[in-house]
Amino acid sequence: MFYLRRTCLPFSTNVSPADKARAGSHKRWTRRQRKSAWTDGLSWEERLADAVTPLWRLSYEEQLELKQNNQQKILSELSGSLSADLRSDFTAPATAKPNFPVLSVLPSPVRDGYRNKSTFSVNRGVDGNPKTVGLYVGTGRQGNIVCVNADHLLNMPEKHKLVARCYQDFIRLSSLDPCLLFHTGGHWREVTVRTNAQGHTMAIVYFHPQMLTAEEVAFHKEELVEYFTRGPGSVCQLDSLFFQESTMTRCPHEESPYQLLHGQPHIYEEVLGFKFRISADAFFQVNQAAAQVLYNTVRDLCVPVTEEGASQSKTRGTLLDVCCGTGAIGIIASPRVDRVIGIELVEQAVRDATHNAALNNVENCEFLPGKAEVVLPALMTQLSSGAGVLTAVVNPSRAGLHPRVVRALRKQAAIRRLVYVSCKPDGEAMRNFRELCCAPDQEKKLTGQAFSPTLAVPVDMFPHTPHCELLLLFER
């Protein structure tokens, strides 16, 4: 196949120093090795499965054991670094154990086909066809991208695979080229598919307008609607079809609105008896069944209830929900507290959260738009004068919390309990953990009493992958 022969180099395990010298430099040599040919004897489907779901060959019990060991290792690193902060001469052994309880990984109730959101890319396939819809094997930096259909992936539901296949058929019928690289032209880009537990389906098609007129774009939108509503794509039974035209890789609704071409503007999901509206770009946990386990655990860590005979006592006070998204954590915990205040950067998510509170007849929730590092410090003055217990829960992206947010949380003495939800605790979240727990540091503006980690609960949100959500309880 010409595409692969052109971008791949022969592989050899016996390379002389002279060969390395001819490669120019060590960096160039490493790059050549990375771009070596696919000579591992695996099929394209196996290579994609290894990239997207690396644990697919293991039993679920083996997967959970591996994840448990990974979380123990990460939390041992945290314990070691905190001990080192307390004693400058302390050197944490590599096999140190966390000095707080780490519960066993809570399993996902659903292990196959659990994803409720999938994004499929468009690029050259195994046969060289540039109008192939699937997921990538290889990287653009290495110059060896191949787009492989995702029909065989264990974590992908059948409905998502069906929409991807139909979208591939549609763009192959279209007179427009795919947009593989923005500067080389083309129009059709990836497609995102969202589903809920009831099987309702939303598709979002991304499109680069290049130099097309508005009338020309409108014509191709009509073709898209015709295909998915009355043509072969009607087999997908889409409840919503959105279209976003943008000249950027990722563009929020405020900058380039999601255009509803067909169906309903939202789908809905239910978690622990609460109903949530999902917009085209709203964040929602990718595994609905495991989300119920996650949110139930978060609620119990934030506002535990004590049994008093047949009734439960309500914890008075305020729950501060930082990076609240569409309000799921706050709304689910709302019956146990007097007040919930959520902060979220994405304005559409704030609108969804406000709608979700009204949808569930929850009247003690308030959601504020803006950057947490801007909103939170000003809000703390107001919260410090309130009565009752103040508990915080943070659920940031992989980038972690902004340093100003950590400073505000440390500075607020009324916060005695904080729950950190992280999907990547060994990344930037680890910096947050250390800043929350280190001794006061005037140079870093970290004042106030330090928190201490007292309990860790891993939740498996992503079967067949090495990842899981970690809930870490801090107290002071």
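Is Asn-432 buried or exposed? Asn-432 is buried, because its relative accessible area is 0%, and buried means under 20% relative accessible area, exposed over 50% and partly exposed in between, with a 1.4 Å probe and protein chains only. The structure is a predicted model, in which local features need pLDDT of at least 70 and side-chain atom pairs count only at pLDDT 80 or more, while totals for chains, interfaces and linings use all residues. Residues are numbered from 1 along each chain as its sequence is written, and side-chain values use heavy atoms, with hydrogens and water left out.

We start with the whole chain. The protein chain has 13 helices and 18 strands; helices (H or I, at least four residues) and strands (E, at least two) are DSSP runs, numbered from the N terminus. Of the 476 residues in the protein chain, 49% are buried. A contact means heavy atoms within 4.5 Å. Among the contacts between residues at least 6 apart in sequence, 65% join residues at least 24 apart.

Now back to Asn-432, which lies in helix H13, residues 428-437. Not counting residues up to four places away in sequence, Asn-432 touches Gly-400, Leu-401, Val-406 and Tyr-420. With Tyr-420 there is also a polar contact of 2.6 Å between the side chains. A polar contact is a pair of N or O atoms within 3.5 Å; within protein, one must be able to donate a hydrogen and the other to accept it, and residues adjacent in sequence count only if both atoms are side-chain atoms.

Helix H13 also packs against another helix. Two packed helices are described by the angle between their axes and the distance between the axes. Axes are lines fitted to C-alpha atoms, for helices over the stretch in contact, and angles run from 0 to 180 degrees between N-to-C directions. The axes of helix H12 (residues 403-411) and H13 cross at roughly 30 degrees and come within 10 Å. H12 and H13 are therefore roughly parallel to each other, since angles under 35 degrees count as roughly parallel, over 145 as roughly antiparallel, 65 to 115 as roughly perpendicular and the rest as oblique. Their crossing is right-handed; a crossing is right-handed if the near helix is turned clockwise from the far one by less than a right angle, and left-handed if anticlockwise. On the H12 side the contact is made by Pro-403, Val-406 and Arg-410, and on the H13 side by Arg-431, Asn-432, Glu-435, Leu-436 and Cys-437. These residues divide into four nonpolar, one polar and three charged, where Ala, Val, Leu, Ile, Met, Phe, Trp, Tyr, Cys and Pro count as nonpolar, Asp, Glu, Lys and Arg as charged, and the others, Gly among them, as polar.

Helix H6 (residues 158-173) and helix H7 (residues 214-229) pack at an angle of about 135 degrees, with their axes 11 Å apart. That angle makes H6 oblique to H7. The crossing of H6 and H7 is right-handed. H6 contributes Cys-166, Tyr-167, Asp-169, Phe-170 and Leu-173 to the contact, and H7 contributes His-220, Glu-223, Leu-224, Tyr-227 and Phe-228. By class, this contact has seven nonpolar, one polar and two charged residues.

Next comes Arg-476, in the segment after strand E18 (469-475). Arg-476 counts as buried because its relative accessibility is 15%. Beyond residues up to four places away in sequence, Arg-476 touches several others, including Leu-409, Arg-410, Gln-449 and Phe-451. The side chain of Arg-476 reaches the backbone oxygen of Gln-449 at 2.5 Å, and a polar atom of that side chain lies 3.1 Å from the backbone oxygen of Arg-410.

Gln-244 is in strand E6, residues 240-245. Gln-244 is buried, with a relative accessible area of 2%. The C-alpha atoms of Gln-244 and Tyr-206 are separated by 5.0 Å, although these residues are 38 apart along the chain. Leaving aside neighbours within four places in sequence, the contacts of Gln-244 include Val-205, Tyr-206, Phe-207 and Cys-251.

Two loop residues complete the tour. Cys-323, in the loop between strand E12 (317-322) and helix H9 (328-333), is partly exposed, with a relative accessible area of 26%. Phi of Cys-323 is near 60 degrees, a positive value in a residue other than glycine. Asn-361 sits in the loop between helix H10 (347-359) and strand E14 (365-369), and is exposed at 69% relative accessible area. Phi of Asn-361 is near 55 degrees, a positive value in a residue other than glycine.
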